[in-house]
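Hello,

Here is the structure I promised to pass on. My notes follow below it.

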Amino acid sequence: MSQFSKVTGLVVPIERENVDTDQIIPGRLLARMEPLGPYLFGDWRYNQNGTLNESFVMNEPRYKGASIVVAGKNFGCGSSREHAVWALVANGIRVVISESFGDIFRRNGVFSGLLPIALAEQKVKYLMERSSVETGYHLTVDLEAKTVTDDREVFEFQIGNFDRECFLNGLDQIAWTMQQEDLIAEYEARTSQRIGLAP
Amino acid sequence: MTGGKTMFEKVWTKHVIEQKAGYPALLYIDMHFVHEGPYQAWDGLRSKHRTVRRPDRTIAVADHFAPTANRDLDAAGPVVQSFIRKLSANTKDFGIKLYDIHDARQGIVHVIGPEQGYTQPGMTIVCGDSHTCTHGAFGAFALGIGASEVEHVLTTQCLIIEKPKSMQVHMTGRVPNGVSAKDLALGWIGACGTNVGIGHVVEFTGEPVRALSMDGRMTLCNMAIEAGSRTGMIAPDQTTFDYLEGRTHVPKGKEFERAVSHWESLSTDPAAKFDKYIELDVSEFAPFVTWGTNPAMVAKITDRVPDPSSFADAGMRKAATRALEYMDLKPGTPMEDISIDHVFIGSCTNSRIEDLRAAANVVKGRKTNSNVVAIVVPGSTHVKRMAEAEGIDKVFRDAGFQWRESGCSFCPGAGDDFLMPKSRCASTSNRNFEGRQGAGARTHLVSPEMAAAAAIAGRFADIRSW
């Protein structure tokens, strides 16, 4: 779980909507059980003969070292594979900004150190334009202030208290739940007659 | 909160252990289905020296990588062997019941859960797979989760979860001939888009939904995620109770009566309010075929491949242009003119006994087109045996289909079953994303009947005239 309160990073734009997790990490590649980094966007990153696809945005030299992705709406839709988050994180991506996210992908992100920030369409459009036109476009994401800032604009974003604490404090969600052991046991005792699962 | 509760709210409220203001809820999970994919969850348990809190509420099955050509694991590819063996070892280490590839109860997780009577109305259910929403067909709150949450549930039997919003999708009108549950799913997603459900639990209502069998309701709920929804739900009724009665893990006798009484109380109260409401007249629906690279890019069988410039939305124009390039389709091409070289009847969407019967009805007495490789993968070993008892396997085999062992197979294309680049497949699965069934493979989503017809004709065909 990555812990941070502020990230300043180079922005890379992915100018597509509905980027599904099969694109982020194809099933046949995550199944290899190898380190995931090289397989991020595997089918876009490489041509079918294995050579690098120079026209894929993340292969462009000016985006080398990017840590913030700006993408079209519904980013991370589709399959629940958490490998999609892991592959992005393995490539140094710490924040994804979009109008909306696949629900499972967003929750996986909070567990595995990829911060999803939802902003309104016009704001995402602005970030997309600047990052695609300019070289070296950087943003600062401040979790304490809940802002995304460049040299001109300050955009506020919403994030749940718990999710925010996960990133600020590097919270271990499982350990947190285990602290509620008494409540869980009490619930189980109280509801033991409820579910009929015949043996 | 005035006016009564929705079915989702009733199930939610009964399972919240705690919810502090401004924080997500701690939600108890009644049933945890596990497949061989998210093995990292077991590694996590092991490295932290923890155990599974409720082995009695945990069931594992090998499906995503289960070899379907035969069950000889030693002959399978190394990836398949690795995943299947890891699941066997992990479930053994942690004392979890496993339906392995030789077990008569094995199958695709979202087929066997209901089949074995584990899936019941009013439950909270999770699985490390996005199509867990399938179980919502029973009036369960069923969520897809990632590997970290799988570990979380194994350890604590709980989820930390923000309460989703609720959306009602109310279908009206007479369902036309030839329009199956799959077409209802493709039709509503085509009309409303892949984003409409984000953050929402969808409840499907209306006569067309009520008229569906449980297999049909599972198909409809299965595709809820393709509209972006957290999950789908359908209120339990006599159709549900009749399906459940007598199944292995469903209460019997007096306990069953008691359960039914509780299940009947789950329906949405008349005065309950949803956050979003969509009404859809299905009387103009037809058998559908996808043309693009997400399930909303869909057309009626009698329509043509659209011209990207005809879309009002700029994002949609761009996406459609790219999709047609990937799919190698020209605008204006009649859907009925598109030839295919593969047919896959299978997946958690459409591989249950009724799906196989429907497809077999179309195939009976006919032969597959000589250009087509056609494959049937039953949703479970139990479905396979039932189909064989009815002679359905013979119908398919006589027509030239391959009749396989059960598993997820060509749907995720991650194991030994995948397509070569530029293959064009009529598939009864749920996703036509770029590269899903294989790098460069082209997927068209259809109903089982339409897949069967395509196998015979060698191209898409309107089953209403068959």
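Start with helix α8 of chain B, residues 214–222. In this predicted model, 9 of its 9 residues are buried, so the helix is largely enclosed by the rest of the structure. The run goes from B:Met214, B:Asp215 and B:Gly216 through B:Arg217, B:Met218 and B:Thr219 to B:Leu220, B:Cys221 and B:Asn222. Charged side chains are on that list too, B:Asp215 and B:Arg217 among them.

Next, the loop between α8 and β11 (231–233) of chain B. B:Glu226 lies there. Is B:Glu226 buried or exposed? B:Glu226 has a relative accessible area of 3%. Buried means under 20%, so B:Glu226 counts as buried. Its side chain makes a polar contact with the side chain of B:His131, at 2.7 Å. Leaving out residues up to four places away in sequence, B:Glu226 also touches B:Ile189, B:Thr194, B:Pro295, B:Asn430, B:Arg431 and B:Phe433.

Then a strand pair in chain B. Strand β19 (residues 442–445) is covered on both faces. B:Arg442 and B:His444 are buried on one side. B:Thr443 and B:Leu445 are buried on the other. Strand β18 (residues 424–427) runs parallel to β19(B), and 4 bridges join the two. One residue pair to look up: B:Arg424 has B:Arg442 as its bridge partner in β19(B).

Now the interface. How many residues does each chain bring to the contact? Chain B brings 77 and chain A brings 55. Together the chains bury about 5,300 Å², with 54% of that on carbon and sulfur atoms. On the chain B side, B:Tyr23, B:Arg53 and B:Ile160 lose the most area to chain A. Those three make up 10% of what that side buries.

The rule finds 7 salt bridges between chain B and chain A. A:Glu188 forms a salt bridge with B:Arg54, where the closest N and O atoms are 3.2 Å apart.

Which elements of chain B supply at least two residues each to the side that touches chain A? They are α1 (7–15), β1 (16–19), β2 (25–28), α3 (78–94), α5 (147–156), β8 (158–161) and α11 (314–327). Helix α5(B) gives the most, with 7 residues. By class, this side of chain B has 27 nonpolar, 27 polar and 23 charged residues.

Best wishes

Definitions and conventions
Residues are numbered from 1 along each chain as its sequence is written. Chains are lettered from A and ligands numbered from 1 in the order in which they are written. This is a predicted model: local features need pLDDT of at least 70, side-chain atom pairs count only at pLDDT 80 or more; totals for chains, interfaces and linings use all residues. Side-chain values use heavy atoms; hydrogens and water are left out. Contact means heavy atoms within 4.5 Å. Buried area is the accessible area (1.4 Å probe) that two parts lose on being put together, summed over both. A salt bridge is a side-chain nitrogen of Lys or Arg within 4 Å of a carboxyl oxygen of Asp or Glu. Buried means under 20% relative accessible area, exposed over 50%, partly exposed in between (1.4 Å probe, protein chains only). A polar contact is a pair of N or O atoms within 3.5 Å; within protein, one must be able to donate a hydrogen and the other to accept it, and residues adjacent in sequence count only if both atoms are side-chain atoms. Two strands pair if DSSP finds at least two bridges between them.
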